[in-house]
Amino acid sequence: MSASSPAARPAPRTASHGVESLLLLLSTGGLIGAIVPATKFAQAAGVPPLPWAFSMMFGAGAILAALARAKGAPLPLTGRYLRYFLVSGFLSVALPNVVLFIVMPPLGAGLSSVVYTLPPILTLVMATAVGIERPDRWRAAGIGLGFAGALMIVGPRGSLPSPDLAGWMALAFLMPVSVAAGNVYRTAAWPPGAKPLALASGTMLGGAAWVALALLATGAAGELPKLGLAPGLAALQIAVTAFTYILYFRLQVVAGPVYLSQIGYVATAVGLGTGTLVFGERYSAWIWGGAAVIVAGVLLVAFGRRLLGSRVFGHNAAR
């Protein structure tokens, strides 16, 4: 099998993609963070989690598939693509969300969110192990800085209130492992010549298929009509998710899986802002300090190597 071209398969990030990668990272992470208020409002209206997740994935996947067809890139249905859609949809979309729905009641939002500080670290380790990424001290330092900022945010809520929750917490750690594995899989298994929009639609529909199985297995399929309790929010969630995944897969192409994994940090920071402005929540100086550290980590990963090169170049020129 011949090697795929750079346009067909995500390549490691280069300095020429710095600005575009940063804008995509902030936009994608911001949109993911903005989805949280809609979900909270829907739950308050009485919409169950699994039907909400299914409608989001299936609706967004259908929109993306229609857009792909309109642009002359219909959804491929060969064996290789179907395998990609099912694996990517399971790792990146279905499993993290289903596990989150399972552990959220006993652990609560705070403890459940702790594990989402781990995907960047796990993605870097996995991508380096399989040869997708080469070790880079600046990128590693930036991701580590973002991880430190995330710990500043979730750390005060990080201790278990009861020893009985240890098993639930262990289950929750499947989420970052699955997200990181999905980040690496999408790059490693990216079909030659594949279009990001087609892969985004297939991934969402693949995730919807797994959630549909969960609906049937748990008997929650009968709760799908409850989406009618918040039809406007459901439509908004579907549209935002479709647009988010267009940006998400573009970011995967231009920046690679490790850089992409930082969207969790950005979404956390945006979630703090929406919590304050929309729900009137108040946070300590540790929380806002952690958000500032996250921003610093993102900038270091995006521009650290370029800034170092400028300093070295300027120093050599001066000599």
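Ser55 is found in helix 2, which spans residues 49-70; here helices are DSSP runs of H or I with at least four residues, strands are runs of E with at least two, and both are numbered from the N terminus. This is a predicted model, in which local features need pLDDT of at least 70 and side-chain atom pairs count only at pLDDT 80 or more, while totals for chains, interfaces and linings use all residues. Residues are numbered from 1 along each chain as its sequence is written, and side-chain values use heavy atoms, with hydrogens and water left out.

**Overall fold**

- The secondary structure of the protein chain comes to 12 helices and zero strands, and its pattern along the sequence reads α-α-α-α-α-α-α-α-α-α-α-α.
- Of the 319 residues in the protein chain, 45% count as buried, where buried means under 20% relative accessible area, exposed means over 50% and partly exposed lies in between (1.4 Å probe, protein chains only).
- Among contacts with a separation of 6 or more, 90% are accounted for by residues 24 or more positions apart, a contact being heavy atoms within 4.5 Å.
- The protein chain has an accessible surface of about 14600 Å², of which 72% belongs to carbon and sulfur atoms; such areas come from the Shrake-Rupley method with a 1.4 Å probe, and for residues only the protein chains shown count as cover.

- Ser55 is buried, with a relative accessible area of 12%, and its side chain reaches the backbone oxygen of Trp52 at 2.8 Å.
- Leaving aside residues up to four places away in sequence, Ser55 touches Ala60, Leu227 and Ile238.
- Met175 lies in helix 7 (residues 174-188) and is buried, with a relative accessible area of 0%.
- Met175 and Ser92 are 83 residues apart along the chain, and their C-alpha atoms are separated by 9.2 Å.

**Helix 4 and its two faces**

- In helix 4 (residues 119-129), the residues Pro119, Pro120, Thr123 and Ala127 are buried; they cover an arc of only 90° around the axis, which puts them on the same side of helix 4, the arc being that of the directions from the helix axis to the C-beta atoms.
- As background, an α-helix has 3.6 residues a turn, so residues three or four places apart point the same way.
- The exposed residues Val125 and Ala129 are carried by the face of helix 4 turned away from its buried side.
- Ala127 has a relative accessible area of 0% and is therefore buried; its contacts, not counting residues up to four places away in sequence, include Ile132, Glu133, Val184, Pro257 and Val258.
- The C-alpha atoms of Ala127 and Val258 are separated by 7.2 Å, although the two residues are 131 residues apart along the chain.
- Gly131, whose phi is positive, near 85°, follows helix 4.

**A nonpolar surface patch**

- Leu86, Phe90, Trp210, Leu213 and Leu216 make a nonpolar surface patch of about 470 Å², and the elements that give two or more residues to this patch are helix 3 (79-114) and helix 8 (196-218).
- Patches are made of residues with over 30% relative accessible area and no salt bridge, with like charges joined within 9 Å and nonpolar side chains (Val, Leu, Ile, Met, Phe, Trp, Tyr) within 5 Å; a salt bridge is a side-chain nitrogen of Lys or Arg within 4 Å of a carboxyl oxygen of Asp or Glu.
- Helix 8 provides the largest share of the nonpolar patch, three residues.
- Leu216 has its place in helix 8 and is exposed, with a relative accessible area of 64%.

Definitions and conventions
A polar contact is a pair of N or O atoms within 3.5 Å; within protein, one must be able to donate a hydrogen and the other to accept it, and residues adjacent in sequence count only if both atoms are side-chain atoms.
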